[in-house]
Amino acid sequence: MPYRPSEIEPLWQDHWEKHDSYVARIVPGQPKFYALDMFPYPSGKGLHVGHPAGYTASDVVCRFKRARGFNVLHPIGYDSFGLPAEQRAIDEGIAPQVSTAEAIETFRRQLKRLGYSYDWSREISTCDPAYYKWTQWIFTRLYAKRIAYVGEGFVNWCPELGTVLANDEVIDGKSERGNHPVERKRMSQWMLRISAYADRLLSGLDTIDWPEATKTAQREWIGRSEGAFVDFAVEGSSEKVTVFTTRPDTLFGATYLVLAPEHSMVDGFTTEAQREAVAAYQKRTAGRSERDRQASKEKTGVDTGARAINPATGKTIPVWIADYVIAGYGTGAIMAVPGHDERDWEFAKAMGLPIVEVISGGDVAKAAYAGDGVMVNSGPFDGTATAGGEAIRKVTAWLAEKGCARATVNFKIRDWTFARQRYWGEPIPVLKDGEQVVRALTLDELPLELPPVADYAPTGTGESPLARAVNWLDVDDPVTGRHLRREVDTMPGSAGSSWYFLRYCDPHNDQEFCSREASDYWMPVDLYVGGAEHRVGHLLYSRMWQKALFDEGFVRDEEPFAKLRHQGMVLARTFYIAGESGKFNHLTIPESVVKDDDRTALIRAAGHDEPVAAEVRWEKMSKRKGNVVNPDDIIDLYGVDSLRVYLCFLTPLESDKPWQTSQLEAQHDWLKRVWRLFFEGDDDSPRAQDVAPTPDELKLLHRAVDKVTRDIEALSLNTAISALHVATRDLARMGTRSREVLAPLAQLVAPFAPHLAETLWTRGAGKPVTPGGVAYEPWPVAEAKWLVDDTVTIGVQVNGKTAGTIELALDADEETAVAAAKALDSVGRQLAGKSVAKVIYKAGKILNLIAK
RNA sequence: GCGAGGAUGGCGGAACUGGCAGACGCGCCGGACUUAGGAUCCGGUGUCUUACGACGUGCGGGUUCAAGUCCCGCUCCUCGCACCA
């Protein structure tokens with residue numbers, strides 16, 4: 001009888017479920033291991049093979065860690081608030097509550113089929129009121145600490161749709177739906193003061209084991225830069241313009257100021273003569289999306305007519321507005337030093353503004369010089385070298401003494417806009433009187449549940465659809481005795497995902513979001529696996545929430561994720577055929593593939609009688625491209641274990657995975673070979689017997705144990721499987737029957753192909769069935785004596801070039817080695833007519849004969 | 001432009017602190033067993049060469065007895081950020 005995954009897989013899944021095999025409980029004193037997967041957004045389309053790529057890797061580690069004696073927490077849940085469900089509600093009138101519940105149903109069924117060792121009793125969903133009660137409560141803590149505040153933020157406003165759009169709903173300045181113009185609009189809304197955590201978010205990165213690229217992305221996002229605020233007096237005004245600069249040492253060369261068009265002082269300064277031009281430019285800027293503005297590097301701007309005083313030179317300089325200065329960064333105003341800043345130089349050239357050299361070393365007539373040099377045209381500082389930062393310190397100190405500058409650290413990171421004008425999100429638990437926030441709800445008033453609404457479509461005013469829930473909106477507040485109104489904005493999708501890893505530790509607690517006992521035991525996450533696309537969003541927000549909770553003593557650790565790894569995307573072939581231009585740029589879903597040569601193919605396609613030539617590209621799976629593989633289909637054909645092994649074997653965890661069914665079949669074939677090592681005959685009688693293993697068998701086994709153990713620890717799953725290939729191949733050739741060898745082999749297979757392994761372990765190796773299963777059997781230990789050979793094959797080189805190999809005793813001396821080498825024909829030929837001048841011999845590694 | 005990562009057979013990928021480059025798998029070629037094979041098993045497979053051998057880890061230099069691995073200078077690719085003062 002052959003290996004039949006469709007029979008054994010459901011059997012063991014039932015067993016695990018019935019016996020709560022993977023339910024995690026706090027066991028004081030036992031080392032814990034918390035393995036976390038980024039929880040999925042349950043879309044209506046169900047899971048695709050991209051999800052299991054990462055989930056399988058963490059599951060392998062979990063099963064391994066259990067066998068190594070760790071108390072493993074491996075939870076799963078759903079990030080279930082979000083736009084797609086809301087869009088479906090608008091399009092089809094299905095309540096998001098309903099469509100989300102259906103989608104979760106599908107996801108749960110699919111995830112269970114994949115055989116992950118999740119503790120399903122800890123399943124959570126961010127749109128569940130029992131969950132978002134605590135999301136809301138954390139918000140009220142942030143509000144109490146003034147980390148949550150109402151501020152002015154910019155949104156993508158689409159007048160045509162009457163709604164606010166997310167960044168990815170805006171394409172080339174137009175709405176993705178309907179292609180209507182989108183403008184940037186200032187709106188008063190909830191923000192989180194993530195900038196207050198900037199320094200700690202930065203320094204915390206040094207304490208965690210994350211991919212360097214991800215740390216770099218966060219560092220850049222936070223964007224720390226040292227510099228100074230410098231005040232410029234404005235003629236005829238008592239107000240001063242403050243600029244941020246990283247180069248106070250170039251102040252003598254500041255020949256004009258530039259304010260962002262949105263800068264709040266612009267209107268006050270602008271002279272009558274320039275008012276019209278300035279207003280026109282401001283309007284033009286507002287009409288351009290941020291992306292638009294950044295797309296063009298062309299310098300534009302308008303003189304406000306105002307004149308400021310350079311505090312270093314005392315000279316009068318013009319004040320301009322230009323869109324290359326960003327309102328949200330620094331003070332929204334700069335001192336322009338065209339001699340030593342490329343952007344200022346280009347602007348000065350375009351507008352005919354003066355350029356002054358204040359640091360020698362370049363030719364400011366030709367280009368801005370940003371390098372180091374010696375200060376010139378800088379009054380008392382002439383001759384000061386700029387290298388090393390001394391010049392900056394001196395000038396800043398001098399200005400500080402005059403009261404017009406202070407050293408400062410500026411961050412690029414902007415506060416987090418924490419509101420969406422949408423329905424399908426956590427209601428923000430506050431009561432307002434008009435624009436005025438009166439109070440946040442208290443714990444006993446939570447959760448503030450999302451009320452049903454009749455219509456999910458945008459209101460057209462920019463308010464969320466909650467504005468229609470009139471019975472819910474108006475409140476006679478028993479606490480203040482006032483007639484108040486609820487907030488109609490909801491929280492963004494990233495709210496619920498910013499703390500879910502804590503809730504998993506204590507998911508049913510209705511007194512606290514998570515007890516200290518639970519988080520102290522389970523946290524921090526020991527391994528977090530998820531997509532690199534969350535580099536700066538989710539991974540930064542979660543760190544901030546953790547720090548906020550830490551500051552209030554609600555959690556012990558400042559960093560939530562001790563170790564992070566990203567999994568690669570699953571790619572599939574897409575076919576492009578030639579259009580009229582002759583370029584292969586027409587995405588085509590083939591009816592069948594006739595011929596396939598990796599980069600090119602012949603395909604049959606709709607509208608073509610004959611097969612047509614197509615270019616093959618590997619792209620992320622998507623429904624539109626017709627290259628999606630559904631895990632259910634794969635499982636039907638080959639079983640889950642084959643899929644799991646394939647995903648692990650294909651590429652290293654973090655690399656993209658080009659989906660090739662032939663490779664998957666190969667892993668299925670390997671599992672069949674494993675099966676035949678344990679069972680034989682038509683009745684599948686177990687082959688294992690109580691016979692003493694041979695030294696060769698033990699050597700093979702222990703080497704496999706050693707390699708697989710080290711590889712799983714290093715998350716090098718592809719090489720672990722290749723070691724298992726070798727072990728099963730060689731043991732099969734030896735006809736191994738020894739239970740002493742086969743039983744541990746089943747354990748090595750278990751993390752990767754857990755269902756098969758349970759059968760191998762019990763029926764195959766004759767071990768008793770236990771509630772926990774093979775995952776809890778102590779992991780085999782590689783004995784050192786089997787890992788070393790008595791003899792070793794080393795390479796022989798003549799003048800550094802390979803000339804054969806010799807087999808030697810491990811501790812053979814140089815004389816023996818040279819003699820053995822000289823006995824080789826190939827070495828003899830190389831040495832003919834020469835004498836050995838020098839011998840390099842590294843026992844067990846190499847013998848190199850230097851001949852002359 | 002800035003930052004990060006990468007480049008090894010026809011393909012996915014191995015290679016510990018420098019020490020026999022190409023493990024394992026796909027594909028391809030050949031064979032065995034079969035009524036059959038898209039089952040199973042065995043063998044071969046970097047390039048050139050009849051052989052001996054030579055050449056081979058993106059390119060050009062260097063260090064070393066020895067370099068995929070270390071150093072210097074490039075090219076190309078992927079991802080992120082992008083007028084950040």
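This is a predicted model: local features need pLDDT of at least 70, side-chain atom pairs count only at pLDDT 80 or more; totals for chains, interfaces and linings use all residues.
Local features need pLDDT of at least 70, side-chain atom pairs count only at pLDDT 80 or more, and totals for chains, interfaces and linings use all residues. Residues are numbered from 1 along each chain as its sequence is written.

Me: How many of the 14 residues of helix 16 are buried?
Reply: Helices are DSSP runs of H or I with at least four residues, numbered from the N terminus, and helix 16 covers residues 538-551. Buried means under 20% relative accessible area with a 1.4 Å probe, protein chains only; His538, Arg543 and Trp545 are among the buried residues. Helix 16 is largely enclosed by the rest of the structure because the number buried is eleven.

Me: Which residue of strand 28 is the bridge partner of Phe575?
Reply: Strands are DSSP runs of E with at least two residues, and two of them pair if DSSP finds at least two bridges between them. Strand 24 (residues 570-578) and strand 28 (residues 612-620) run antiparallel and are joined by seven bridges. The partner of Phe575 is Val616.

Me: What is the volume of the largest cavity?
Reply: On a 1 Å grid over the protein atoms alone, a cavity is a set of points where a 1.4 Å probe fits but cannot get out, and lining residues have an atom within 4 Å of a point. The lining of the largest cavity includes Ala53, Cys648 and Lys657, and helix 2 (50-67) and helix 18 (640-650) each give two or more residues to this lining. Volume is the space filled by probe spheres set on the points, which are joined across faces, edges and corners; for the largest cavity it is about 50 Å³.

Conventions:
Chains are lettered from A and ligands numbered from 1 in the order in which they are written. Side-chain values use heavy atoms; hydrogens and water are left out. The expected span of a helix is 1.5 Å times one less than its number of residues. Buried means under 20% relative accessible area, exposed over 50%, partly exposed in between (1.4 Å probe, protein chains only). On a 1 Å grid over the protein atoms alone, a cavity is a set of points where a 1.4 Å probe fits but cannot get out, and a pocket is an open set with protein on both sides within 12 Å along at least five of seven lines; lining residues have an atom within 4 Å of a point.
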